[in-house]
Amino acid sequence: MQVHWVPLGSVTVGPQSWHDGTVRSIRRAERLVRQTRAGWSGTSSRPQTCSAAAGYTLTSSDGTAEKVEDKLAEGRRGESRDSICKTKTSRPQTTGSMPPNRTQGVPAVAPFPPSSLREQCAGASVAVAGEYMRRVREVEGQLRRQAGRVNQEGIKLERERGHLERMLHSLRADLSVNRRSSEGRTRRPAPTETERDGADDLLACERRELVELKRDLEGALRATLTQLQALGRSSRQLLLCAAERARVLDLLPHSGSAGERSSTAGQTFTRTDPVGPYTPECKQALESSSVTVSQSQLLRENIREKLTSAITRQKDAHRIVNDGLVKKIAETITLQQNLTLASAATRQALFRKQREINCIRHSHSRAQGPESSGDILAREKLNRPLIQVYQRHPGTQLPEAAQLIRGSAALRRCLKSSEGELVRLQRAGRQLLDNLHSKRAAVQVDAAVLRMRRQQVNKRAMPAFLQQGAHKSQLPLSCLQ
């Protein structure tokens, strides 16, 4: 049925107060209608079909405001007529439904819950729970990836710990070789070869160097064990947090879109929430594990530098001691050769002096004559006829007897001196022989020590890449002398 607007008569018969009261009631009812239908649309209400108070002006004190309000309502009603004509054939909405908005197709909000409230609440809950689970999956994936990095760092640090232990084993073996070398050199012949020399100083310097290296590497090993324990605690904390986060992931797939999303969006968490997916405990575990991994990486670099330096210093100390022993052996062999030459010269002088003494003794015995007077020849007697005839004149004494006496005395003195020289030559020869024997024994001891040191060194004690990284610095032998 078409609704027509009926204008009121130009002449009012009833009293003005009666008329104004009715108009006010109509205006109040229209305002209430507009207010109750304001929830259907944010910009316009449901179109009105009639308005009995249109075109009236109240003569009360608020007449101006009511006239303006009447004009605004008239304009809205004019706009509503077109929409009524367009939607007159549409299907009526049920009570509590959500009719579409006139402006840009935005759905309006119903003034009361619709009949599908239960389904809507269940769908909203599923959406909230699904989004929460996906974000928890991202946090859980980030925790497990960090735990994997911590485990990898632990494996690398465990490898460095193995290198440290092997290096310490090599240092202990070198200390044992050093001790055996010092003990072996004490078996040199005494007293000429037991005096402290440069080789002993080199062995003492090597021992101090090895003890210092052993102390430094033991400190590094203790720090490594402490860091391994810290990495283990960090990994357990991460896995514990991941397990706690995974308690709500039983209904999510282990692969697919959730996993791909977690792999790309796992690093976007910045704010923590005690009741959200990214809790302060997870943040603390991730930050502490990152700090622990950084410390472990720095420790591994420090260990690698210490190992390289220790290998270099160990090799240098071992090489310097071996070079010192080789030089000592060469010096001893040189002295041994000189002793051999001196001993030969002494023995030759000894034989020559012995022949000289024999000649002196023969001359002295000839000068003394025979022991028995009956063995003296006639030409050797001092009272032979020629001498007796010559001595008949006074002052004709011959010097034969005095010369024989002086010659015998000189021969005795020469014989005594030669015998003393012979004794000294014999003593010097014995000393040379003893020294030569001592030098030969010292060479054998030093050679045995050097051979033992070269045989006991395990060149495969450390990995090849560490031995190649060690710089082979050629230190002069005088730096430790």
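Buried means under 20% relative accessible area, exposed means over 50%, and partly exposed lies in between (1.4 Å probe, protein chains only). The legends below refer to a predicted model, in which local features need pLDDT of at least 70, side-chain atom pairs count only at pLDDT 80 or more, and totals for chains, interfaces and linings use all residues. Residues are numbered from 1 along each chain as its sequence is written, and side-chain values use heavy atoms, with hydrogens and water left out.

**Figure 1. Overview of the protein chain, with 9 helices and 0 strands.** Helices (H or I, at least four residues) and strands (E, at least two) are DSSP runs, numbered from the N terminus. The pattern along the sequence is α-α-α-α-α-α-α-α-α. The chain has 481 residues, of which 33% count as buried. Its accessible surface (Shrake-Rupley method, 1.4 Å probe; for residues, only the protein chains shown count as cover) is about 31,100 Å², and 55% of this belongs to carbon and sulfur atoms. Contact means heavy atoms within 4.5 Å. Of the contacts between residues at least 6 apart in sequence, 84% join residues at least 24 apart.

Figure 2. A salt bridge is a side-chain nitrogen of Lys or Arg within 4 Å of a carboxyl oxygen of Asp or Glu; the structure holds 26 of them. Side chains of opposite charge can pair when their charged atoms come close. Arg137 is buried at 7% relative accessible area, as is Glu140 at 10%, whereas Arg144 is partly exposed at 38%.

**Figure 3. The salt bridge between Arg300 and Glu153.** The closest N and O atoms of this pair are 2.7 Å apart. Arg300 belongs to helix α6 and Glu153 to helix α3, so the pair ties together parts that are 147 residues apart in sequence. Both residues are buried.

**Figure 4. A salt-bridge network that includes Lys328.** Salt bridges with shared partners join Arg185, Arg188, Asp197, Asp200, Lys328 and Asp446 into one network. Lys328 sits in helix α6 (residues 280–368) and counts as buried, at 16% relative accessibility. Apart from neighbours within four places in sequence, Lys328 is in contact with Arg185, Arg188, Asp197 and Asp446.
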